[in-house]
Amino acid sequence: MTEKPTVEPADSPVQPPDAGEARASRGAALLRQGLLRVGPLIALFVLAGYLSFATPHFLTVSNAVNVARQTSITAILAVGQTLVIITGGIDLSVGAMAALSACVAAVLMTQRIEVAGLAFGPVPAGVGLLVALAVGTIAGWLNGFIITRGRIPDFIATLGTLGVYRGIALLITGGLPVPSHLTATELKGYLPDQVIWLGAGDVGGFPAAALVALAVGFVGWFILRYTALGRAAFAVGGNREAAHVSGINTDRTKVLVYTICGLMAAIGGLVLAGRLNSANALMADDENLRSIAAVVIGGTNLFGGEGGVIGTLIGALIMGVLANGMNLLNVSAFWQRITQGLTIIVVVVFDQWRRRRMRT
């Protein structure tokens, strides 16, 4: 019995994709990505719109100035935090660096100090400001040095330095606000006018603190967009091993990014001291969480490799508007903390869902 040869059915012809459908699919994907990228801005408008109806005091010029002034400190610290998070790290010591820098400057500018029998001080405002910036820069560099040389996770290293920097600030100030009636009885009982102007002054009715925040934001945006350091930061955060293989000095990138973060923390500390007309070792305690929240709400990937400063500034503004709105609605401080924590959880969950959708 002969077996009949089987005849393989001819392959069905491959239908070329319809050009119109492909274009429509691409357009829908781009529209979806665009809407997701402007999500923080939409959220800000929705929140502001709700509060403008919920309380008549929200949509006023004086309240807008107040929000801008309150948001500025978080925004300044969050810009530095953005650079760190883009590299895949996190800095839990930004608030402590801000406090330490401000305390050192306040002591130098208002106190007489005796070293080895020699007394000096108070120093001019310019000297105090430069020393404060140097302290923040060194503290940030030390964070990066410990992380890269010690091969310690960013979270652990900055959690440790948080305690160190707060402790040094407590030692310097004796645990008291500077200046105060207890520590500056013989000298000036207030900070120099230049420092106060940073926190409480204005330019044509616009808060000086907000101008400082915008300037810091521009510097951060420029670094990420136009410098080799910015490109290296994205590469390190996206895939550190691949970045190393491609010739990027990953350790140097992280040290530089943490150093810049320390510098920006010092600027934020000076602005806060100017606003309070005082500096103390426990100031900016909430700014660690708030700066991270602003970065995540602004769309930066908490695991590195993606993000930007503009979104961070919008995220800081959302945090400021939310806090201001709850104050106007007489929400208790306890519920405000709960709300802020829940907001961060919801945003992180949404952010991860959004990124999965964008990858598909």
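## Basis of the description

Helices (H or I, at least four residues) and strands (E, at least two) are DSSP runs, numbered from the N terminus. By that assignment, L41 lies in helix 2, which spans residues 39–54.

This is a predicted model, in which local features need pLDDT of at least 70 and side-chain atom pairs count only at pLDDT 80 or more, while totals for chains, interfaces and linings use all residues. Residues are numbered from 1 along each chain as its sequence is written, and side-chain values use heavy atoms, with hydrogens and water left out.

## Nonpolar surface patch

V38, L41, I42, F45 and V46 form a nonpolar patch on the surface, and together they have about 460 Å² of accessible area. Accessible areas come from the Shrake-Rupley method with a 1.4 Å probe; for residues, only the protein chains shown count as cover. Patches are made of residues with over 30% relative accessible area and no salt bridge, with like charges joined within 9 Å and nonpolar side chains (Val, Leu, Ile, Met, Phe, Trp, Tyr) within 5 Å.

Buried means under 20% relative accessible area, exposed over 50%, and partly exposed in between (1.4 Å probe, protein chains only).

## Salt bridges

A salt bridge is a side-chain nitrogen of Lys or Arg within 4 Å of a carboxyl oxygen of Asp or Glu. By this rule, the count comes to six salt bridges. One of them joins the side chains of K254 and D154, at 2.8 Å from N to O. This pair links distant parts of the chain, 100 residues apart: K254 is in helix 11 (residues 250–276) and D154 in helix 6 (residues 154–173). K254 counts as buried at 2% relative accessibility, and D154 counts as buried at 13%.

A salt bridge also connects R166 and D285, with the closest N and O atoms 3.6 Å apart. R166 lies in helix 6 and D285 in the loop between helix 11 and helix 12 (287–297), so the pair ties together parts that are 119 residues apart in sequence. R166 is buried, its relative accessible area being 8%.

In the salt bridge between R240 and D251, the closest N and O atoms are 2.8 Å apart. Because R240 lies in helix 10 (residues 240–245) and D251 in helix 11, this pair ties together parts that are eleven residues apart in sequence. R240 is partly exposed, with a relative accessible area of 31%. Salt bridges that share partners join R151, R240 and D251 into one network.

## Helix packing

Two packed helices are described by the angle between their axes and the distance between the axes. The axes of helix 3 (residues 61–86) and helix 12 come within 8 Å and cross at roughly 65 degrees. Helix 3 is therefore roughly perpendicular to helix 12. Axes are lines fitted to C-alpha atoms, for helices over the stretch in contact, and angles run from 0 to 180 degrees between N-to-C directions. Angles under 35 degrees count as roughly parallel, over 145 as roughly antiparallel, 65 to 115 as roughly perpendicular and the rest as oblique.

## Positive phi in a loop

N277 has a positive phi, near 55 degrees, in a residue other than glycine. N277 is placed in the loop between helix 11 and helix 12, and at 28% relative accessibility it counts as partly exposed.

A284 is not a glycine, yet its phi is positive at about 60 degrees. A284 lies in the loop between helix 11 and helix 12 and counts as buried at 13% relative accessibility.
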